[in-house]
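Here is a short report on the model shown below.

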Amino acid sequence: MFDHVGFEVSDLARSAVFYDAVMHRIGGRRMHESPAAIAYGRTSAALWIVERGRTPLPGYGHIALTAAGKAAVDAAYLAGLEAGGSDDGPPGPRPQYGPRYYAAYLCDPDGLRVEVVSGAH
């Protein structure tokens with residue numbers, strides 16, 4: 001349905017530390033890198049962080065990243081916290097979204113919401 005998603009960040013290097021840590025734990029890697037943008041994915045660049053000199057608004061946007069199991073959700077959540085993110089909901093079941101839905105919520109260094117989820121489908 002979509003080709004890619006982009007988040008504008010205020011400090012690309014700082015945000016890259018966070019996204020490198022989270023994406024590594026769920027099997028993602030850098031697919032593109034330039035002075036103003038970094039893109040992540042597994043087989044193609046699907047998540048872009050870009051610095052354009054505009055300040056993002058905290059709480060703007062939400063992205064859910066797929067993890068291969070509860071352990072990967074837990075690991076990505078801890079890695080995100082250690083890499084400058086903040087808690088927005090610890091790992092755990094979210095039965096309101098389905099019987100197997102297990103997720104954690106983080107805010108990146110700019111306050112953008114990142115969900116790491118397993119069992120959504």
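Asp3 is exposed, because its relative accessible area is 62%. Exposed means over 50% relative accessible area, buried means under 20%, and partly exposed lies in between (1.4 Å probe, protein chains only). The model is predicted: local features need pLDDT of at least 70, side-chain atom pairs count only at pLDDT 80 or more, and totals for chains, interfaces and linings use all residues. Residues are numbered from 1 along each chain as its sequence is written, and side-chain values use heavy atoms, with hydrogens and water left out.

Asp3 sits in the segment before S1. Strands (E, at least two residues) and helices (H or I, at least four) are DSSP runs, numbered from the N terminus. Leaving aside neighbours within four places in sequence, Asp3 is in contact with Ala45 and Ala46. Contact means heavy atoms within 4.5 Å.

Val5 belongs to strand S1 (residues 5-8). Val5 counts as partly exposed because its relative accessibility is 25%. Beyond neighbours within four places in sequence, Val5 is in contact with Ala46, Leu47, Trp48 and Ile63.

Ala13 lies in helix H1. Its relative accessibility is 57%, so Ala13 counts as exposed.

Val50 is placed in strand S4 (residues 47-50). Is Val50 buried or exposed? Val50 is buried, because its relative accessible area is 11%. Not counting residues up to four places away in sequence, Val50 touches Phe7, Glu8, Val9, Leu12, Ala36 and Ala37.

| Residue pair | Apart in sequence | C-alpha to C-alpha |
|---|---|---|
| Val5 and Gly41 | 36 residues | 11 Å |
| Ala13 and Ile38 | 25 residues | 9.5 Å |
| Val50 and Glu33 | 17 residues | 10.0 Å |

**Aromatic pairs**

Rings of Phe, Tyr and Trp (its six-membered ring) pair if their centres lie within 6.5 Å. Planes under 30 degrees apart count as stacked, over 60 as edge-to-face and the rest as tilted. By this rule the count is 3 aromatic pairs. Phe18 and Tyr19 form an edge-to-face pair, 4.9 Å centre to centre with 90° between the planes. Phe18 is buried because its relative accessible area is 0%. Tyr19 counts as buried because its relative accessibility is 1%.

Tyr19 also pairs with Tyr40, and that pair is tilted: 6.3 Å centre to centre, 35° between the planes. This pair links distant parts of the chain, 21 residues apart: Tyr19 is in helix H1 (residues 12-25) and Tyr40 in strand S3 (residues 37-41). Tyr40 has 1% relative accessibility, so Tyr40 counts as buried. Ring pairs link Phe18, Tyr19 and Tyr40 into a cluster.

**Helix packing**

Two packed helices are described by the angle between their axes and the distance between the axes. Axes are lines fitted to C-alpha atoms, for helices over the stretch in contact, and angles run from 0 to 180 degrees between N-to-C directions. H1 packs with helix H2 (residues 70-82) at an angle of about 165°, and their axes are 8 Å apart. H1 is therefore roughly antiparallel to H2. Angles over 145 degrees count as roughly antiparallel, under 35 as roughly parallel, 65 to 115 as roughly perpendicular and the rest as oblique.

Which residues meet where H1 packs with H2? Phe18, Ala21, Val22 and Arg25 in H1 meet Ala72, Ala75, Ala76, Ala79 and Gly80 in H2. By class, this contact has 7 nonpolar, 1 polar and 1 charged residues. Ala, Val, Leu, Ile, Met, Phe, Trp, Tyr, Cys and Pro count as nonpolar, Asp, Glu, Lys and Arg as charged, and the others, Gly among them, as polar.
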